[in-house]
Amino acid sequence: MDPTSLILARIQFAANISFHILFPTITIALGWMLLFFRLRFRATRDSKWEEAYYFWTKIFALTFALGVVSGITMSFQFGTNWPGFMEKVGNIAGPLLGYEVLTAFFLEATFLGVMLFGRGRVSERMHLIATFLVAFGTTMSAFWILSLNSWMHTPVGYEIINGRFHATDWWAIVFNPSFPYRFTHMLLASGLTMCFMVAGVSAWQILKKVDSAATHAAFKSAIVAAAVLIPVQIFMGDLHGLNTLKHQPAKVAAMEGLWETEKGAPLVLFGIPDPVTRSNLYAIEIPKLASLILTHDPNGELKGLNDFEGKHPPVGPVFWSFRVMVGTGMLMLAASWLTVALLRKRTPATLPKPLLWGLSLMVFSGWVATLAGWYVTEIGRQPYIVYGVITVAETAAKHAPAMIGLTLSVYLALYAGLLIAYILVVKRLAEKATRGEALSLPTSFNRAQPSA
Amino acid sequence: METLATVLPLVFMAVMGLAMLAYVVLDGYDLGVGMLLPRAANDAEKDLMVSSIGPFWDANETWLVLGVGILLVAFPFAHGLILTSLYLPVFVMLVGLTLRGVAFDFRGKAGDHRKAFWNAMFTAGSFIASAAQGWMLGSYITSFRSDWWTYAFNLLIAMAVPATYVVLGAGWLIMKAEGDLQVRALRWARQAVIPFAIGIAAISIATPLISETIFNKWFRLPDFFALLPIPLMTVAAVAALWHVSGRKQIVDAGYGWIVFVATLVILLLATLGLAFSIYPYIVIDRLNVWEAASATESLVIILIGTLFTLPAIIGYTIFVYRIFWGKARVLSYGA
């Protein structure tokens, strides 16, 4: 295997999967938020919920489309970049991916049409059901994908015959040891990403003075949900970390920048991990805190990277990504709690301007945290593709570096263009929607008759 | 288990063929409409054309994921071999599908001054994806050979597939449109029938010439006579297509659907012909379905899932098509 091809193939897949995850991370949770808006409208008949629903439906449709196209690209890249993966693990990965397509993809893709355009053609109840099915479908999709991903970190329920994996226990495979933690962690991440996006866009609308009652309703719903979700996420992240310590101690050692096995290990707040000297330069440490957090004993022993020499991930990217994720989480905690505290006495429109600006800047903070978190877990799995069993290099396709380089540069240009277009269109919709367009859109369900 | 090990790969080959056919027909009309977009008379007509496929394209594209998904799930060895051999055309197709998919949303949301740009991306993406799919089909039939005759053959199919999709797209518009647009769609169908028919004929002649395995299969007696209905019925369907697409009065009498259905019949026959030609291989002369298949216990797990979900998928797909039955209106999220 040409090492240049391998690194290019990895960058290509990483670029694609990083681009892809931005959009499902929003739609998984936004589907449920839309259902919430619908249900509020049904309960109150207040048109602000209806307006909020229609405004966010537009962004949902756009986000969903980007998720679909990048997801399709990924489903092909399994084969074009990692043919050895399916040849070796196909018996296990195949059915999980198959169930995703059969139980989730078709459901969400088919009912999306009804949810977006079915108004006036179906009853209010059917429209509500379609919204539910889309939200449910996106969540099911996450279920299967995270099951497979988690299995790659904590493989169980299989036997290897002639170099190929065979399933022995499907229940154990689907609900493998890291799955419940990773699935919950990701759903909460999705919730937070969506909440900060809704809050950020709404804050921007307030600053631009194009806000309405619908903007305020969406803002409040999002920021309150964020304030509730973030402590749960911090707690869940801790459990996930403990689970990782149990199954992938090398990853945790890289996250903590722990080069040597020691008792009473310090928590490294900052430092520059140096793979040559195998130590952290300019480290700022809190004594014994890492041991306390991870073993719940200040003198507990933590395994260091020296126990995994040659088989541990690159330390720097894992170490830094972890700090970015945690830092963003802390910022989310501060921002959401401060806002909720202020909202007890104020309305969204009278919040202090610096706070609204801050929230606007945090509109995609969920993306930062989610990507950083995924880099921790995926780079932390290296050099393996199935942890402890198969390395990434064993499964790579033998393409010439020039070909991968060429396609990679086109993908990167395309994704950069699409990302810029997406952000500009969201901004445009935000600034335009409440200047009357969204207001004029809805015709009430009470009058619309099903025509099918 | 022995019988299952023999039968299941064939079952999955059939389901995969069905998924691919469903994809070609369903996304085929979307892509066809995309390629026809620049020929619309005005902006309102463009909106209507896009609206006619708006509620469906996403689900239509999912059949491609199902087809590739089954290839991956049921035939992991063929999956790796085929997709690594098709690295570049797959990449080109994905770029096309990406542009097409996002242009759907961007053209309506990015503002009027950007609409022309995204319309162009929509058409370009539709064409790029269609042509790449044609190239892939050609490559697949020739077992990924690389010589100039093969490239010429691939190029021929790369041009025939967009023509096919344009006929489907025009056929779709004949059913979904009224008035001027319908008349225009009828003309587009007729214009595309010629390259479409030439494409089918050329592929039918070139395929046995380029593949000895297929030549032996087609012209072996008595199989030759058993196969004869396929080309004969194809000729009949093309004739029906030609006849109806030239006569507005037949469409006015309520038989406009014949254009779409005749194309569907041709594609069905082509699929049957292809299936017969490659059986029992999944990559001609290189890998048969049993060599490529997953372990039987994995196939059983997927079969159970498929038996429950596929009827449901077909059921709710029909349900959604019924909701949007009838002539297309310009779509909005509100009404």
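Here is a short chat about a predicted model with chains A and B.

Mentor: Residues count from 1 along each chain as written, and chains are lettered from A in the order written. As the model is predicted, local features need pLDDT of at least 70 and side-chain atom pairs 80 or more, while totals for chains, interfaces and linings use all residues.

Trainee: Why does the radius of gyration of chain B agree with a compact globule?

Mentor: The radius is taken over C-alpha atoms, and the globule rule is 2.2 Å times the number of residues to the power 0.38. For 335 residues that gives near 20 Å, and chain B has 20 Å, so the two agree.

Trainee: What makes a residue of chain B count as buried, and what share does?

Mentor: Buried means 20 or more other C-beta atoms within 10 Å of its own, with C-beta atoms placed from the backbone; 12 or fewer is exposed, and in between is partly exposed. In chain B, 53% of the 335 residues count as buried.

Trainee: How do you know that E1(A) and E2(A) pair?

Mentor: Strands (E, at least two residues) are DSSP runs, numbered from the N terminus, as are helices (H or I, at least four). Pairing takes at least two DSSP bridges. E1(A) and E2(A) have four, in the antiparallel sense, so they pair. One bridge links A:Ile160 with A:Phe165.

Trainee: Which residues are in the covered face of E2(A)?

Mentor: A:Phe165 and A:Ala167 are, whereas A:Arg164 and A:His166 make up the uncovered one.

Trainee: How many residues does each chain give to the contact?

Mentor: Contact means C-beta atoms, placed from the backbone, within 7 Å. Chain A gives 61 residues and chain B 57. H3(A) gives the most on chain A's side, 22.

Note on methods. Two residues are in contact if their C-beta atoms, placed from the backbone, lie within 7 Å.
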